[in-house]
Amino acid sequence: MSVKESGDELKPAASVVDRGLASPLPKRTAKDYIALAIATCGVGYIPLAPGTWGSAVGVGLYLSLRWLLLGFVHRVGPRHTLILLNPQIQFIAVELIAITLVTLVGIWAASRVERLEGKKDPSKVVIDEVAGQLIALLPVPYLAGPAWNLWILTGFLLFRAFDIIKPYPVRELEKLPAGLGIVVDDLGAGAYAALLLSILMALFMIFA
């Protein structure tokens, strides 16, 4: 079974035809186009480093969730004091819900696009990077002061590094069938990035 090369971020990725997959459907349906839209996130067709662009979409989604929650707290919080107690916990809950939804929908979309393309892990599928990037940014505090932007950038770079290097067992997860293998290995890379980011943040707080 062919797998996408781990260094595909450094050059346009050419997915290898996998004869074990079904042939591309002769006529695309509405569900096919929906799956393509979800799987590519609008950036998967960019020929250079599509995974990096997918990660950028993940950062954009993270910032959007934060902005929406911040507006909700400021608008509703004064009338409901419980909302103001711990926005950090609320934000983590929102992030986890978003990660779950992106993962489940991403597995479905990636599986369908893989069948459409007749290729294993098509390079245009970047919804997996979106989910992985959200995991990588989980340790970033809701209110992190002046260093907030720095931690987001660090989380982005760490995830890209782990997604390309694919340390054990990330590369093994890539071999899972269809969309599950496409998405889950990026979740593993995101977990590695989140762990290292947490360590770096703790060291910063100790020695800063």
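**Terms and cut-offs**

Tutor: Start with a pair: the side chains of E174 and K166 meet in a salt bridge, 3.9 Å from N to O. The model is predicted, so local features need pLDDT of at least 70 and side-chain atom pairs count only at pLDDT 80 or more, while totals for chains, interfaces and linings use all residues. Residues are numbered from 1 along each chain as its sequence is written, and side-chain values use heavy atoms, with hydrogens and water left out.

Student: Which other salt bridge does K166 take part in?

Tutor: The side chains of D185 and K166 meet in one, at 2.9 Å from N to O. This pair links distant parts of the chain, with D185 in helix α7 and K166 19 residues away.

Student: How do you know that R160 and D163 pair within a helix?

Tutor: Their side chains meet in a salt bridge of 3.0 Å, N to O. Both are in helix α5 (residues 148-165), 3 residues apart, which means they are separated by about one helical turn. An α-helix has 3.6 residues a turn, so residues three or four places apart point the same way. R160, D163, K166, E174 and D185 are linked in a network of salt bridges.

Student: Why is R160 called buried?

Tutor: Buried means under 20% relative accessible area, exposed over 50%, and partly exposed in between (1.4 Å probe, protein chains only). R160 has 7% relative accessibility, so R160 counts as buried. D163, with a relative accessible area of 4%, is buried.

Student: What makes L195 exposed or buried?

Tutor: L195 has a relative accessible area of 53%, and therefore L195 is exposed. Its place is in helix α7 (residues 178-207).

Student: What is Q133 in contact with?

Tutor: Contact means heavy atoms within 4.5 Å. Leaving aside neighbours within four places in sequence, Q133 is in contact with S55, G58, V59, G155, F156 and F159. Q133 has 0% relative accessibility, so Q133 counts as buried.

Student: How many helices and strands does the protein have?

Tutor: The protein has 7 helices and 0 strands. Helices (H or I, at least four residues) and strands (E, at least two) are DSSP runs, numbered from the N terminus.

Terms used: Salt bridge = Lys/Arg side-chain N within 4 Å of Asp/Glu carboxyl O.
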